[in-house]
Amino acid sequence: MSIPAPAPDDSSPRRLARDRRGRGRRGPLAWPPVPEMTSREDRFDQLVLDAVERLVPRAGGRLDGVEVAVELVPGGDVLVAAEQEGSIPLGHARPGHGRSDARIVVYRRPVESRVRDRTELAELVDAVVVEQAAALLMVAPEDLDPDYDGHP
């Protein structure tokens, strides 16, 4: 004799449980997003964006169409040129050619390796962005940003 299965309750939609193997709920431990959930890469990207947003109004439209990027380390021809100078670059500015836009690149690992805390990191990122934008526009960094005082 077999026992009939209970009839499904049609009053509520059936929901599949994510806890099939008894491991508990899956998902972030801290929600909504808090600083502990932000990765180092995301924090660095935000510092670069903040530096660009601060610089754009001071540039008077000269940085329109300039692409800003973050790369882990310099590579290729940038690194070869840096070896000839004897230092690793913190950033790179490339003017636009033809269809390609002008580009400012900030290298995350070399910048992070030169600072001790978040305050110094923010100052150095700001200085690198100002220097690269000034190089791209062929002006002195002090002309582009009156608060510029070099690397911390």
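Beyond its neighbours within four places in sequence, Arg54 is in contact with Asp126, Val130, Asp145 and Asp147. The model is predicted. With Asp145, the link is a side-chain polar contact of 2.7 Å. Val130 lies 76 residues from Arg54 in sequence, yet the two C-alpha atoms are 9.9 Å apart in space. Arg54 has a relative accessible area of 28%. This value falls between the cut-offs of 20% and 50%, so Arg54 counts as partly exposed.

Arg54 belongs to helix α1. This helix spans residues 40-59, 20 residues in total. From first C-alpha to last, α1 reaches 28 Å, close to the 28 Å expected at 1.5 Å a residue. After α1 comes Gly60, with a positive phi near 60°.

The two faces of α1 were then examined. Six positions are named here: Phe44, Val48, Ala51, Val52, Leu55 and Ala59 are the buried residues of α1. They lie on the same side of α1, because the arc they cover around the axis is only 100°. The face turned away from this buried side carries the exposed residues Glu53 and Pro57.

Both strands and helices contribute to the cover over the buried residues of α1. The strands include β1 (67-71) and β3 (103-107). The helices include α3 (108-112), α4 (118-137) and α5 (141-144). Val130, a contact of Arg54, falls within the residue range of α4.

Definitions and conventions: Residues are numbered from 1 along each chain as its sequence is written. This is a predicted model: local features need pLDDT of at least 70, side-chain atom pairs count only at pLDDT 80 or more; totals for chains, interfaces and linings use all residues. Side-chain values use heavy atoms; hydrogens and water are left out. Helices (H or I, at least four residues) and strands (E, at least two) are DSSP runs, numbered from the N terminus. The expected span of a helix is 1.5 Å times one less than its number of residues. Buried means under 20% relative accessible area, exposed over 50%, partly exposed in between (1.4 Å probe, protein chains only). The arc is that of the directions from the helix axis to the C-beta atoms. Contact means heavy atoms within 4.5 Å. A polar contact is a pair of N or O atoms within 3.5 Å; within protein, one must be able to donate a hydrogen and the other to accept it, and residues adjacent in sequence count only if both atoms are side-chain atoms.
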